[in-house]
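Hi everyone, thanks for making time.

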Amino acid sequence: MQAGELDAAQEALMRFVRNFGLHQPDRTPCGQPLPVSEAHAMVEIAREGQLRQVELARRLRLEKSSVSRLVTNLVNRGWVHRETAEGDGRGVLLLLTAAGTTAATRQADARRARLTALLDRVPDDQRAAVVRALQTLAEATGEPF
């Protein structure tokens, strides 16, 4: 990669992070008053229906202690319920409560609306390339999902 390419990529990424709101830790880029890490946790739990806390830590790439605090915050909001994993007295299983399901749906709708508005601003003939570029970047980070 040439220095000019690297500089352009870095500048573009930094502008995107700021413009999209990814640098604001206390709210999601789609405007939800929720820390981004908690929003990501809600996505993962909602996707699976139930999820072991250790698996959530792996998916979010966070330390177990960070995820424990994060989950405590979600429990305190009334959005997540913890229970002992069947067959494993030390394992913790996470499930969304009814209020959590409502919150996760609201967050998903807000994400969808924000992304739709963003992609609508990308010229039609470039939209597929933008989506492919995002997928390529996600794969390049080693994210298994």
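This is a predicted model: local features need pLDDT of at least 70, side-chain atom pairs count only at pLDDT 80 or more; totals for chains, interfaces and linings use all residues.

I'll start with the sheet, go on to the helices, and finish with a few single residues.

What is the order of its three strands? Going across, you read E1-E3-E2, the pairing is antiparallel, and the sheet is open. Strand E1, residues 50-52, and strand E2, residues 80-84, are the edge strands, and each has a single partner, so one side of each has no neighbour in the sheet. If you look at how neighbouring strands sit against each other, they are turned by 30 degrees on average, ignoring direction.

Now let's go through the pairs. E1 pairs with strand E3, residues 92-96, over three bridges, in the antiparallel sense. You can pick out some partners by eye: Gln50 has Leu95 in E3 as its bridge partner, and Arg52 stands opposite Leu93 in E3. On to the other pair: E2 and E3 are joined by five bridges, again antiparallel. One to find there is Arg82, whose bridge partner in E3 is Leu94. And how many of the five residues of E3 are buried? Four of them, so to speak, are tucked away, and E3 is mostly covered.

Next up, helix H3, which covers residues 53-60. Its buried residues are Gln53, Leu56, Ala57, Arg59 and Leu60. Look down the axis of H3 and you'll see these buried residues fall within an arc of 165 degrees, so they line one face of the helix. What do they pack against? The list is H2, E1, H4, E2 and E3.

Arg61 sits in the loop between H3 and helix H4, which is residues 64-76. Its phi is positive, about 60 degrees, and Arg61 is not a glycine. Why point that out? Because most residues other than glycine have a negative phi. As for the surface, Arg61 is partly exposed, with a relative accessible area of 47%.

H4 has 13 residues, and at 1.5 Å a residue it should span 18 Å; the C-alpha atoms at its ends are 18 Å apart, which agrees. Which residues of H4 are buried? They are Val67, Leu70, Val71 and Leu74. Seen down the axis of H4, the buried residues fall within an arc of 100 degrees, so they line one face of this helix. Turn to the other side of H4 and you find Arg69 and Asn76, which are exposed. The cover over the buried residues of H4 includes helix H2, residues 36-48, along with H3, E2 and E3. And just after H4 there is Gly78, with a positive phi of about 85 degrees.

Now for two helices against each other: H2 and H5. Their axes are 10 Å apart, and the packing angle is about 110 degrees. H2 and H5 are therefore roughly perpendicular to each other, because angles of 65 to 115 degrees count that way. On the H2 side, the contact is made by Ala39, Met42, Val43 and Ala46, and on the H5 side by Gly100, Ala103, Ala104, Gln107 and Arg111.

Let's zoom in on one of those, Gln107. It lies in helix H5, which is residues 98-120. Is Gln107 buried or exposed? Its relative accessibility is 3%, so Gln107 counts as buried. Not counting residues up to four places away in sequence, Gln107 touches Cys30, Gln32, Leu34, Ala39, Met42 and Trp79.

Last stop, for contrast: Thr84, in strand E2. At 54% relative accessibility, Thr84 counts as exposed. Leaving aside neighbours within four places in sequence, Thr84 is in contact with Gly89 and Gly91. And how far is Thr84 from Ala133? Those two are 49 residues apart along the chain, and their C-alpha atoms are separated by 41 Å.

Note on methods. Residues are numbered from 1 along each chain as its sequence is written. Side-chain values use heavy atoms; hydrogens and water are left out. Two strands pair if DSSP finds at least two bridges between them. Helices (H or I, at least four residues) and strands (E, at least two) are DSSP runs, numbered from the N terminus. Axes are lines fitted to C-alpha atoms, for helices over the stretch in contact, and angles run from 0 to 180 degrees between N-to-C directions. Buried means under 20% relative accessible area, exposed over 50%, partly exposed in between (1.4 Å probe, protein chains only). The expected span of a helix is 1.5 Å times one less than its number of residues. The arc is that of the directions from the helix axis to the C-beta atoms. Contact means heavy atoms within 4.5 Å. Angles under 35 degrees count as roughly parallel, over 145 as roughly antiparallel, 65 to 115 as roughly perpendicular and the rest as oblique.
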